[in-house]
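Let's take a friendly walk through this structure, from the fold of one chain to the way the copies relate. Have the viewer open and follow along.

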There are 2 protein chains.
Amino acid sequence: MDPDAVAKVFVEHYYTTFDANRAGLANLYQDGSMLTFEGQKIQGSQSIVAKLTSLPFQQCQHSITTVDCQPSGAGGMLVFVSGTLQLAGEQHALKFSQMFHLMPTPQGSFYVLNDIFRLNYA
Amino acid sequence: MDPDAVAKVFVEHYYTTFDANRAGLANLYQDGSMLTFEGQKIQGSQSIVAKLTSLPFQQCQHSITTVDCQPSGAGGMLVFVSGTLQLAGEQHALKFSQMFHLMPTPQGSFYVLNDIFRLNYA
């Protein structure tokens, strides 16, 4: 399958899950996974999902602007996303950038080894 | 050496070189290096530097806002940068995000295996 197509499917799945059921993201991370969220480093699926589910907003809606993909040289794929994040009750959407390093699983799927998220403040 | 410190040194070197002498970036890429620049995919040091030196502006000044770093699981480092790009003669700086996958060289330095650049349009 075309890596760009895989990246696009992953990104849509990730943000749909984030917006509908953040706890469901646990399946996409493993113990060795790393998240850097606005500069804060968190390791392991359980801690990462604890962070994401404790963010100080309940409802949000991600919109994807761009998705770029490259093979990572480690058997995985680097996926670079830009988009906007609309929080419920806020007038303006926030711009964000995020990168994922996706690694293949024995089941033929992918998990997130590296995840770095930044808001792009105006 | 602390990976975050290495990442910061690399990023400062990269943008200082970009702003002063773009052709000098050739030393930071190799034949297997990949650049995705605003969605355009380019492979190999020579083609990457040809692209960067042919961008439609002569003078520019990068300012770094954030640098995040994680080990990539491939013996290298993922570096995620946000910042602004001021083009000579333009009133407003452009916001950008960029990620690098740095791999070690036998000489104890690093080269850029993966590079993805996006402007964050307002």
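This is a predicted model: local features need pLDDT of at least 70, side-chain atom pairs count only at pLDDT 80 or more; totals for chains, interfaces and linings use all residues.

Two strands count as paired here if DSSP finds at least two bridges between them.

Strand β1 (residues 29-37) of chain A is joined to β6(A) by 5 bridges, and the two run parallel. Within this pairing, T36(A) stands opposite I116(A) of β6(A). Strand β5 (residues 94-104) of chain A also pairs with β6(A), here through 9 bridges and in antiparallel fashion. One bridge to look for links L102(A) with its partner V112(A) in β6(A). Here are the two pairings set out together:

| Strand of chain A | Bridges to β6(A) | Direction |
|---|---|---|
| β1(A), residues 29-37 | 5 bridges | parallel |
| β5(A), residues 94-104 | 9 bridges | antiparallel |

β5(A) and β6(A) form a hairpin with 5 residues between the strands, where G108(A) takes a positive phi near 85°. How many of the 10 residues of strand β6 of chain A are buried? The count is 9 of the 10 in residues 110-119, so β6(A) is largely enclosed by the rest of the structure.

**Chain A as a whole**

Stepping back, chain A has 2 helices and 6 strands. Their order along the sequence is α-β-β-α-β-β-β-β. The radius of gyration of chain A is 14 Å, close to the 14 Å that the globule rule gives for 122 residues, so chain A is as compact as a globular protein of that length. Its C-alpha trace spans about 40 × 30 × 25 Å along the principal axes.

Of the 122 residues in chain A, 50% are buried. Among contacts in chain A with a separation of 6 or more, 44% are between residues 24 or more positions apart.

An unreviewed UniProt entry lists residues 6-119 of chain A as "domain: NTF2". Over that range the chain is 21% helix and 50% strand, and the end C-alpha atoms lie 24 Å apart.

**How chains A and B relate**

What rotation superposes chain A on chain B? A rotation of 180° does it, with 0.0 Å of shift along the axis and an RMSD of 0.0 Å. That is the relation of a two-fold axis. In chain A, the C-alpha nearest the axis belongs to A74(A), at 2.6 Å from it. The same surface serves both copies, as 100% of the contact residues of chain A recur in chain B.

**Cysteines and an exposed aspartate**

Now for a few individual residues. C60(A) counts as buried at 9% relative accessibility, and C69(B) is buried too, with a relative accessible area of 3%. A search of the whole structure finds 0 disulfides over all chains.

Is D31(B) buried or exposed? At 69% relative accessibility, D31(B) counts as exposed. This aspartate lies in strand β1 (residues 29-37) of chain B. Leaving aside residues up to four places away in sequence, D31(B) touches Q43(B), G44(B) and S45(B). From D31(B) to I48(B) the C-alpha to C-alpha distance is 9.6 Å, with 17 residues of separation in sequence.

Technical notes: Residues are numbered from 1 along each chain as its sequence is written. Chains are lettered from A and ligands numbered from 1 in the order in which they are written. Side-chain values use heavy atoms; hydrogens and water are left out. UniProt positions are given in the numbering used here, feature names are shortened, and annotations may be inferred rather than shown by experiment. Helices (H or I, at least four residues) and strands (E, at least two) are DSSP runs, numbered from the N terminus. Copies are superposed by least squares on the C-alpha atoms of residues with pLDDT of at least 70 in both. Contact means heavy atoms within 4.5 Å. Buried means under 20% relative accessible area, exposed over 50%, partly exposed in between (1.4 Å probe, protein chains only). A disulfide is a pair of cysteine sulfur atoms within 2.5 Å. The radius of gyration is taken over C-alpha atoms; the globule rule is 2.2 Å times the number of residues to the power 0.38.
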